[in-house]
Amino acid sequence: MSGLEIERKFLVKHGGAFKREASSASHIQQGYIPAEGATVRVRVRDDKAYLTIKGKSRDGGMTRYEFEKEITLDEASHLMRLCKGGVIDKHRYLVGVGNHTFEVDEFHGANDGLVMAEVELGSETEAFEKPDFLGPEVTGDKHFYNSYMLANPYSAWKQLVPEEYR
């Protein structure tokens, strides 16, 4: 897949309400290969692997170019050796709301306690129904980029997040 990725990110209220509404859950581990001007991610999601290249964000962090290709687990294992800074470890829950699917990520390790949701849109102005578990929008805030959290884990800056979302 390649093209523009348009997404908005939100903090999620604690309590796990999103889990009761989820249609599926998966385990994700991902690392980042250093690159100038782009983000290069290697991801293993359950029994599948992907190589993703994302361009720089625009429109306040909502839109950027994305290329993604499925790769073998063996290829992912080799590429993970090129990743710097460790691995992001999380569980992802898919929650359908109206005409959209929210991807809710519950982080582990040094990012434990952070729960975020994102929704992909067809345009920057597309309307969507907001589920009750959504909190404040964090689209474009670098703290909430997975690649940023490798070098600057949530445990070091979680006091910046309102207490009801920690």
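Which residues line the second largest cavity? They are Glu103, Asp105, Met116, Glu118 and Asn146. Here a cavity is a set of points on a 1 Å grid over the protein atoms alone where a 1.4 Å probe fits but cannot get out, and lining residues have an atom within 4 Å of a point.

Some housekeeping: this is a predicted model, where local features need pLDDT of at least 70 and side-chain atom pairs count only at pLDDT 80 or more, while totals for chains, interfaces and linings use all residues. Residues are numbered from 1 along each chain as its sequence is written, and side-chain values use heavy atoms, with hydrogens and water left out.

Back to that cavity: strand 7 (100-107) and strand 8 (115-120) each supply at least two residues of its lining. Strands (E, at least two residues) and helices (H or I, at least four) are DSSP runs, numbered from the N terminus.

The structure holds two cavities of 30 Å³ or more. The lining of the largest cavity includes Glu5, Glu7, Lys9, Arg64 and Tyr145, and strand 1 gives the largest share of that lining, four residues.

Glu7 itself sits in strand 1 (residues 2-12). Glu7 is buried yet has no salt bridge, and the nearest side chain of opposite charge, Lys9, is 4.5 Å away. Buried means under 20% relative accessible area (1.4 Å probe, protein chains only), and a salt bridge needs a side-chain nitrogen of Lys or Arg within 4 Å of a carboxyl oxygen of Asp or Glu. Leaving aside neighbours within four places in sequence, Glu7 is in contact (heavy atoms within 4.5 Å) with residues including Gly61, Met62 and Glu118.

Now the pockets, meaning open sets with protein on both sides within 12 Å along at least five of seven lines. Of the 31 residues lining the largest pocket, the closest to its centre are Glu5, Arg41, Lys54, Arg64 and Glu66. By class, that lining has six nonpolar, eight polar and 17 charged residues. In the second largest pocket the lining has eight nonpolar, three polar and one charged, and helix 3 (146-151) brings the largest share, three residues.

Here are the volumes, each being the space filled by probe spheres set on the grid points, which are joined across faces, edges and corners.

| Space | Volume |
|---|---|
| Largest pocket | about 550 Å³ |
| Second largest pocket | about 180 Å³ |
| Largest cavity | about 70 Å³ |
| Second largest cavity | about 30 Å³ |

Key
Ala, Val, Leu, Ile, Met, Phe, Trp, Tyr, Cys and Pro count as nonpolar, Asp, Glu, Lys and Arg as charged, and the others, Gly among them, as polar. Buried means under 20% relative accessible area, exposed over 50%, partly exposed in between (1.4 Å probe, protein chains only). Lys and Arg count as positive and Asp and Glu as negative; His and the chain ends are not counted.
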